[in-house]
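Please look through the sequence and the structure shown here before reading on. The report is written for a reader who is meeting such descriptions for the first time.

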Amino acid sequence: MSTTSSRSQDEYSLKYMSGHMGRSRQKAGDDGEQSLIGPPSSTGGDLLDQNASKPCFVYMLALFSGLGGFLFGYDTGVVSGAMLLLKKEMNLSALWQELLVSSTVWAAAFSALAGGSLNGWLGRRVCILLASFIFTIGGITLSLAPDKVVLLVGRVIVGLGIGIASMTVPVYIAEVSPPHLRGQLVTINNLFITGGQFIATVIDGVFSYMSHDGWRYMLGLSVVPAVLQFCGFLFLPESPRWLLQKGRSQEARHALSRIRGGQNVDEEYDSIRSSIEDEEKESGGGGIVILRMLKYGPTRRALFVGCGLQMFQQLSGVNTVMYYSATILQMAGVRDIKRAIWLSSATSATNFVFTMFGVWLVERVGRRKLTLGSLLGTGLSLTVLAFGFLMSAQYSPPITLHPVDPQNLTCTLYGSCESCMLDPDCGFCYRENGTAVYDSSCVPVSAASTDHAAWGSCYNQTGQELPDSSLWAYNYCPTPYSWIVLLGLILYLAFFAPGMGPMPWTINSEIYPMWARSTGNACSAGVNWICNALVSLTFLHIAQMLTYYGAFFLYSGLVVLGLLFVQGCLPETKGMQLEDVDHLFTGPLCSCGASAPPTDSSNVQYTRNPTETSPAQYGAVGSDRAIAFITLR
Ligand SMILES: O[C@H]1[C@H](O)[C@@H](O)[C@H](O)[C@@H](O)[C@H]1O
């Protein structure tokens, strides 16, 4: 294998094009070489005619597919606001709240893994139809749920839809896009995810005023985009690559020509077909795909990189930052819960807006630089965030009153707000004069709601401003350093959203050969969802063990590991034809960083040596949820 790798690197030649898109291009083929980058133009021989290949149809496909991303974002984001109303109306215990939140994530992990076989068997289009059908059934079940058991069933159904959509949509978009637009179009899916999270917080805000049945609208409104996507996909084509792999060549040619807006697709079609055939032969034919992937060097390495990226995306703590933003806002002085919900939509909006930069940057700077820059910024912002928490802990207000606890809990024994707030059973009750805190005590939180204490001057059923001006802080401490934390939060999202948010999904959609693409994406999406569940579920325990600043320092340490991983292992895939990407993984594990194409690949054409027949021989878990989270404690 290694001989093949080194040989193949040499056999892959870079051919510099004389100009950018639309300028004079050379027709590869006169010299016997076959160009593999760039789609064919209407004249059939010009594969780099990028201007000619911007058919609106591809954008429409990406937008309709992106509705799957929107539903992923909406359904994961909406639950926290819904939970605030549900727990009151259905009298949910902490266990039930936790079940309703996490069941979706676990179901998504399961269905993302299972989605690999479904994708290979039924195709991308049918899987997207299936996901939107599941979303519809899930939304209807949730909005009509008579009790918590049916709610749980609805949340599991929705999770099954999210898992399938999360792994299928990027693959579908990547397979129908021309190479020079692929990164941008797949990244648009992430824009839909963060857009879904943002809209979910707005819908939560709007319906939070409707104390009776408001949650039915919050959870049920997802049916609208789901039905829209289902109807749209009834008329949209299957991925030509999948059709070709299944031997349905006539349909594949027809679909490709439809997607390319009626252009002549002969050359692109032939190139894809021969590459898929070669890949199949090279990988050694039939058998269980995951075993074949693990046995075959390039796919084993690609799988390692793909799963690693997804793991580091979640280990960088994005979803805890999102969950925790409401608390951060409370620390910064926002005490009204409704206002916190509204401001948490500002957090999701930040995530959404900065994802747009990702869409803009991905084809300009490439995946690798974008991911590296994003990780660097994410690590630094986590350090700022941790430092803010450290300062708040260092100057945590002392406890001055120790009332006798009728329930005999440990709360009244704590000496400072910091240790009090780290105990999920206790909260901090105090009065304020300017920024000075006085008459402070640590008392048990009410079993019915974390909005007030179980007894004492911070006991108030309504959770509104307390009559004798005592203030109640659950899960946070009043601090003059909240601005550092707030700064860290904004910086974090600004750096995470354009790179580490979308790139793991984008890169995974393009690094596997056709025969391994469904399985590779299923595994990496499964890793994403499992790590999402683990990080979210362990956050509060880690914070209790290491304090909040310790937890965020831990995440920044993990980001440093991620940085080393990306630096060493992630090759650049920008501008390459999907069928060519696996040559980047033929070198030894984690030597890919070194082999990243050094130039702007829009000016570079990869050409295949005519003597070669096989490509493998070439070389080379919103801020909204914070509220649910807080209430779960
Ligand atoms: O890429 C997405 C996205 O950026 C979201 O904001 C995050 O909540 C998801 O976990 C992640 O997979």
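What follows describes a predicted model, beginning with the ligand and moving on to a pair of helices and a sheet.

## The surroundings of the ligand

The ligand is surrounded by 13 residues, and the closest of them are Gln197, Gln313, Gln314, Asn319 and Gly501. Sorted by class, this shell consists of three nonpolar and 10 polar residues, with no charged residues. Helix 7, which covers residues 179-207, supplies at least two residues of the shell, as do helix 14 and helix 21. Of the contributors, helix 7 gives the most, with three residues.

Several polar side chains can be followed to oxygen atoms of the ligand. In Asn319, an N or O atom of the side chain is 2.7 Å from a ligand oxygen atom, while a polar side-chain atom of Gln314 lies 3.0 Å from an oxygen atom of the ligand. For Asn190, the distance from a polar side-chain atom to an oxygen atom of the ligand is 3.1 Å. When the ligand is taken alone it exposes 300 Å², and the protein buries 99% of that area.

## Two helices that pack together

Two packed helices are described by the angle between their axes and by the distance between those axes. Helix 14 (residues 297-315) packs with helix 21 (residues 514-569) at an angle of about 30°, and their axes are 4 Å apart. Angles under 35 degrees count as roughly parallel, and helix 14 and helix 21 are therefore roughly parallel to each other. The contact of helix 14 with helix 21 has 20 nonpolar and 11 polar residues, but no charged residues.

Strands of a sheet pair through backbone hydrogen bonds, and the pairing can be either parallel or antiparallel. In this model, an open sheet of three strands has the order 4-3-5, and its pairing is antiparallel. Strand 4 (436-444) and strand 5 (471-473) stand at the edges with a single partner strand each, so one side of each is left without a neighbour in the sheet. From one strand to the next, the twist averages 30°.

## Pairing within the sheet

Strand 3, residues 426-433, runs antiparallel to strand 4 and is joined to it by seven bridges. These two strands form a hairpin with two residues between them, and Gly434, which lies in the turn, has a positive phi of about 65°. Which residues of strand 4 stand opposite Gly427, Cys429 and Arg431? Gly427 stands opposite Val443, Cys429 stands opposite Ser441, and Arg431 stands opposite Tyr438.

Strand 3 is also joined to strand 5, in this case by three bridges, and these two strands run antiparallel as well.

Methods: Residues numbered from 1 in each chain as written. Predicted model: local features only at pLDDT ≥ 70, side-chain atom pairs only at ≥ 80, totals over all residues. Heavy atoms only, no water. Axes fitted to C-alpha atoms, helices over the stretch in contact; angles between N-to-C directions. Parallel < 35°, antiparallel > 145°, perpendicular 65-115°, else oblique. Nonpolar A, V, L, I, M, F, W, Y, C, P; charged D, E, K, R; others polar. Pairing = 2+ DSSP bridges. Near = heavy atom within 4 Å. Polar contact = N/O pair within 3.5 Å; in protein donor to acceptor, adjacent residues only side chain to side chain. Areas by Shrake-Rupley, 256 points an atom, 1.4 Å probe, with all protein chains shown as cover.
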